[in-house]
Amino acid sequence: MIEEIVDNLIKIKQNFAQNYTGNAHIQEILPLESSKEFPINPQHLEQLHIFAQKNPIYLNSFEEKILEFPCMVYEGDINEYWLNSIKHGSSCQPFYPTWIMSAYVMSLVAKKIGYSELVDIGSGDGRIAYCGKILDFNSHSIEIDNVLVDLQNTICMNTKQNFNPKCDDALEFNYSKLNLQNPVFFIGGLAQMGGDILATSIIKKINLIDNLKNKTGVVFAGSNTKRQLSGNLSDGGWSSLIEENQLSVIETVSLPTVWTFDQNVETPYIFTKFK
């Protein structure tokens, strides 16, 4: 099921990107209905649309048939939030969201692996934590920028889905307060943009919590573009950190994001666990 959703999402994204004639700052697609090609729980799909409808970054939407699939296109602007997000010294990457549908797929993969809690580090507008919430994870969203956390709180209120936003520096946060049992951590930021520093800090904190290490997964956002990786494309740029911290790669899923909208490649998300 997950493979079908991924393959068809990439197909409609690439077709849409080639033919898009609008001028919105960001744009993304959600299927309008569950189908054989998009075998999504209808209630979950409705919740994904509600997230977009209640999220102030989206300013416009319209229906469009893409490769014969009825879809809703959401257009928006993240400039205000992008500017705020780069003001923090320990911020690893400006706010550039993955697609809502991609966030849902990542949460599905984490659910399939068997995790019960989801911790989204550098969570932006909280879309991964939100998707975790609708999939019955105990979700936690940690974001250093207060403007983005205010946005998350607005989304929680308007969608009636509380994914526990926290305005805090992930490098300093005390994760033992969350009483985690079987969590998956999503690390925001590419390795070469400071994400490696963030991930190293999180892993060290996981190691300090009794009996947590062997039950924990860590998911990294990677890149397949040489200009970002200076030639190192292995595991999306995370191979050195994965090896140094004795992690095993469970699965890699490539999905559309805002920053790969105009590219022929997608963003790889690398799911790992401790050996």
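## A buried tryptophan

At 1% relative accessibility, Trp-238 counts as buried, a term that means under 20% relative accessible area, with over 50% being exposed and the range in between partly exposed (1.4 Å probe, protein chains only). This is a predicted model, in which local features need pLDDT of at least 70 and side-chain atom pairs count only at pLDDT 80 or more, while totals for chains, interfaces and linings use all residues. Residues are numbered from 1 along each chain as its sequence is written, and side-chain values use heavy atoms, with hydrogens and water left out.

Trp-238 is placed in the loop between helix H8 (226–229) and helix H9 (239–244), where helices (H or I, at least four residues) and strands (E, at least two) are DSSP runs numbered from the N terminus. Apart from neighbours within four places in sequence, Trp-238 is in contact with residues including Gly-189, Leu-190, Asp-196, Phe-220 and Ile-270, contact meaning heavy atoms within 4.5 Å. Asp-196 stands 42 residues away along the chain, yet its C-alpha atom and that of Trp-238 are separated by 7.7 Å.

## Helices H2 and H4

Helix H2 (residues 42–53) packs with helix H4 (residues 100–113) at an angle of about 135°, their axes being 10 Å apart; the axes are lines fitted to C-alpha atoms, for helices over the stretch in contact, and angles run from 0 to 180 degrees between N-to-C directions. H2 and H4 are therefore oblique to each other, given that angles under 35 degrees count as roughly parallel, over 145 as roughly antiparallel, 65 to 115 as roughly perpendicular and the rest as oblique.

From H2, His-44, Leu-48, Phe-51 and Ala-52 meet Ile-100, Met-101 and Tyr-104 of H4. The residues of this contact divide into 6 nonpolar, 1 polar and no charged, where Ala, Val, Leu, Ile, Met, Phe, Trp, Tyr, Cys and Pro count as nonpolar, Asp, Glu, Lys and Arg as charged, and the others, Gly among them, as polar.

## Thr-159 in helix H6

Thr-159 lies in helix H6 (residues 146–159) and, at 8% relative accessibility, counts as buried. Beyond its neighbours within four places in sequence, Thr-159 is in contact with Ile-50, Phe-51, Lys-54 and Tyr-130.

E2 pairs with strand E3 (residues 69–76) in the antiparallel sense over 8 bridges, and Tyr-58 has Gly-76 in E3 as its bridge partner.

Terms used
Pairing = 2+ DSSP bridges.
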